[in-house]
Amino acid sequence: MSDIIERLAAIIADRRTADPESSYVASLHAKGLNKVLEKVGEEATETIIAAKDASASGEHRDLISETADLWFHTMVMLDQFKIPPATVLAELERRFGTSGIAEKSSRQTTGQNHSG
């Protein structure tokens, strides 16, 4: 699975400096961080709506598609900061064996809780 993420990250990084007229990734980067963040927020909202719809219908196709869009735009956001996905995967791996409640509590005590 991480191979797919690494391949996508390489494509995103490669397209960062492409012609914005011919590359969606380049066009997002050219518009700046606020546009990238707007897209992440939009895709997060669409993913939430798709999850609610999937809950009612039992159909998951839109949820999968919207989640893919969210992951993609999140990777573009990380690329703005030149943060490789491996860094996020390492953070997830670090959390194995830690209760979610304990992990969240540790972020609150260190001032790293940005999720509310």
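## Terms and overview

A crossing of two helices is called right-handed if the near helix is turned clockwise from the far one by less than a right angle, and left-handed if it is turned anticlockwise. By this rule, the crossing of helix 1 and helix 4 is right-handed.

The model described here is predicted. The protein chain contains six helices and zero strands, so the order of its elements from the N terminus, by DSSP runs, is α-α-α-α-α-α. Of the 116 residues in the protein chain, 23% are buried. Among contacts between residues at least 6 apart in sequence, 51% join residues at least 24 apart.

## Helix 3

Helix 3 covers residues 33-57, which is 25 residues. How far apart should its ends be? The expected span is 1.5 Å times one less than the number of residues, and for helix 3 this gives 36 Å. The end C-alpha atoms of helix 3 are 36 Å apart, which agrees with that value.

The buried residues of helix 3 are Val36, Lys39, Val40, Glu43, Thr47, Ala50 and Ala54. They pack against helix 2 (24-31) and helix 4 (61-80). Just after helix 3 comes Gly58, with a positive phi of about 80°.

## Helix 3 against helix 4

The axes of helix 3 and helix 4 are 8 Å apart, and the two helices pack at an angle of about 160°. Angles over 145 degrees count as roughly antiparallel, and helix 3 and helix 4 are therefore roughly antiparallel to each other. Their crossing is left-handed.

On the helix 3 side, the residues in this contact include Leu33, Val36, Leu37, Lys39, Val40 and Glu43, and also Ala50, Ala51 and Ala54. On the helix 4 side, they include Asp62, Leu63, Glu66, Leu70, His73, Val76, Met77 and Gln80. Sorted by class, the residues of the contact of helix 3 with helix 4 are twelve nonpolar, five polar and six charged.

The crossing of helix 2 and helix 4 is right-handed. Helix 2 contributes Tyr24, Val25, Leu28 and His29 to the contact, while helix 4 contributes Phe72, His73, Val76, Asp79 and Gln80. This contact of helix 2 with helix 4 has five nonpolar, three polar and one charged residues.

Helix 1 (residues 2-15) meets helix 4 as well: the axes come within 10 Å and cross at roughly 55°. Helix 1 and helix 4 are therefore oblique to each other. Ile5, Leu8, Ala9, Ile12 and Ala13 of helix 1 touch Phe72, Met75, Val76 and Asp79 of helix 4. The contact of helix 1 with helix 4 has eight nonpolar, no polar and one charged residues.

Is His73 buried or exposed? A residue counts as buried under 20% relative accessible area; His73 has 5% relative accessibility, so His73 counts as buried. His73 lies in helix 4. Leaving aside neighbours within four places in sequence, His73 is in contact with Tyr24, Leu28, Val36, Lys39, Val40 and Glu43.

Gln80 is also found in helix 4. At 24% relative accessibility, Gln80 counts as partly exposed. Beyond its neighbours within four places in sequence, Gln80 is in contact with His29, Gly32, Leu33 and Val36. One of these, Val36, is 44 residues from Gln80 in sequence, yet the two are 8.5 Å apart in space, C-alpha to C-alpha.

Which residue has a positive phi although it is not a glycine? That residue is Lys82, and its phi is about 55°. Most residues other than glycine have a negative phi.

Lys82 is placed in the loop between helix 4 and helix 5 (85-94). With 55% relative accessibility, Lys82 counts as exposed, because the cut-off for exposed is over 50%.

Conventions
Residues are numbered from 1 along each chain as its sequence is written. This is a predicted model: local features need pLDDT of at least 70, side-chain atom pairs count only at pLDDT 80 or more; totals for chains, interfaces and linings use all residues. Side-chain values use heavy atoms; hydrogens and water are left out. Helices (H or I, at least four residues) and strands (E, at least two) are DSSP runs, numbered from the N terminus. Buried means under 20% relative accessible area, exposed over 50%, partly exposed in between (1.4 Å probe, protein chains only). Contact means heavy atoms within 4.5 Å. Axes are lines fitted to C-alpha atoms, for helices over the stretch in contact, and angles run from 0 to 180 degrees between N-to-C directions. Angles under 35 degrees count as roughly parallel, over 145 as roughly antiparallel, 65 to 115 as roughly perpendicular and the rest as oblique. Ala, Val, Leu, Ile, Met, Phe, Trp, Tyr, Cys and Pro count as nonpolar, Asp, Glu, Lys and Arg as charged, and the others, Gly among them, as polar.
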